[in-house]
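Please open the structure in your viewer and keep the sequence beside it. The stops below say what to select next and what is there.

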Amino acid sequence: MKRLLLLLIAAALSAAIAGCGGAGDSSSSTASANLTSCNIDGKQRNLGASYVTSIEVAKVECGQAEKVVTAYHGCRRQNGGAGGTCETAVMGFTCSEGARQSVPGVQFNATADCRKGDAEIKSSYTQNF
């Protein structure tokens, strides 16, 4: 029961975090201002993390972005399991991860920003342990 409650709280936190766009930072490229949301309804659990909650793109198609996001999470898992990180390019994209917000021992929420030239893929996800 306690674990179920923690999972429900974590899911609510994940939804709240995914919904917060924030003001961004001054290091963002011009592409970041022109991001378009991809419709991933029904695919959230099939993109490499426990749940991918959003994908936004600039100068790349959503279908390609889904492949890059899936490859990124595969790289993370190969380099440390559920809590791993990816330090190498995936499908030509260099990815960086934002700060992880976690529910210790249960899951964490994070964002990934993958870039190749002017193309950009931003995603947010939840990873269960």
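In what order do the elements of the protein run from the N terminus on? They run α-α-β-β-α-β-β-β-β, where helices (H or I, at least four residues) and strands (E, at least two) are DSSP runs numbered from the N terminus. This is a predicted model, in which local features need pLDDT of at least 70 and side-chain atom pairs count only at pLDDT 80 or more, while totals for chains, interfaces and linings use all residues. Residues are numbered from 1 along each chain as its sequence is written, and side-chain values use heavy atoms, with hydrogens and water left out.

**The whole protein**

Begin with everything shown: the protein has three helices and six strands. Of its 129 residues, 36% are buried; buried means under 20% relative accessible area, exposed over 50%, and partly exposed in between, with a 1.4 Å probe and protein chains only. The accessible surface of the protein comes to about 7300 Å², of which 55% belongs to carbon and sulfur atoms; such areas come from the Shrake-Rupley method with a 1.4 Å probe, and for residues only the protein chains shown count as cover. Among contacts (heavy atoms within 4.5 Å) between residues at least 6 apart in sequence, 49% join residues at least 24 apart.

**The nonpolar core**

Next select Val52, Ile55, Val57, Val90, Phe93 and Ile121, which touch the most other members of the largest nonpolar core, a group of 24 residues. A nonpolar core is a set of buried Ala, Val, Leu, Ile, Met, Phe, Trp, Tyr and Cys residues joined through side-chain atoms within 4.5 Å. The elements that give two or more residues to this core are β2 (51-58), α3 (62-78), β5 (107-116) and β6 (119-128), and α3 gives the most, with five residues. Now centre the view on Val57: leaving out residues up to four places away in sequence, Val57 touches Asn34, Leu35, Thr36, Cys38, Cys62, Ala65, Glu120 and Ile121.

Select Lys59, which is found in the loop between β2 and α3. Lys59 counts as exposed because its relative accessibility is 66%. Apart from neighbours within four places in sequence, Lys59 is in contact with Asp118 and Ala119.

Then select α3 itself, which has 17 residues and reaches 24 Å from its first C-alpha to its last, close to the 24 Å expected at 1.5 Å a residue; the expected span of a helix is 1.5 Å times one less than its number of residues. The buried residues of α3 include Ala65, Val68, Val69 and Tyr72, and what covers the buried residues of this helix includes β2, β3 (94-97), β5 and β6.

**Strand β5 and its partners**

Which strands pair with β5 in the antiparallel sense?

- β3 and β5 run antiparallel and are joined by four bridges; here Ser96 stands opposite Asp113 in β5.
- β4 (residues 101-103) and β5 pair in the antiparallel sense over three bridges, and they form a hairpin with three residues between them, where Gly105 in the turn has a positive phi of about 75 degrees.
- β5 and β6 pair in the antiparallel sense over 10 bridges, and they form a hairpin with two residues between them, where Gly117 in the turn has a positive phi of about 60 degrees.

**The aromatic cluster**

Finish with Phe108, Tyr125 and Phe129, which form one aromatic cluster. Rings of Phe, Tyr and Trp (its six-membered ring) pair if their centres lie within 6.5 Å; planes under 30 degrees apart count as stacked, over 60 as edge-to-face and the rest as tilted. By this rule the count comes to two aromatic pairs. Phe108 and Tyr125 form an edge-to-face pair, 5.9 Å centre to centre with 75 degrees between the planes. Phe108 lies in strand β5 and Tyr125 in strand β6, so this pair ties together parts that are 17 residues apart in sequence. Phe108 and Phe129 form a tilted pair, 5.6 Å centre to centre with 45 degrees between the planes. Is Phe108 buried or exposed? Phe108 counts as buried because its relative accessibility is 1%.

Technical notes. Pairing = 2+ DSSP bridges.
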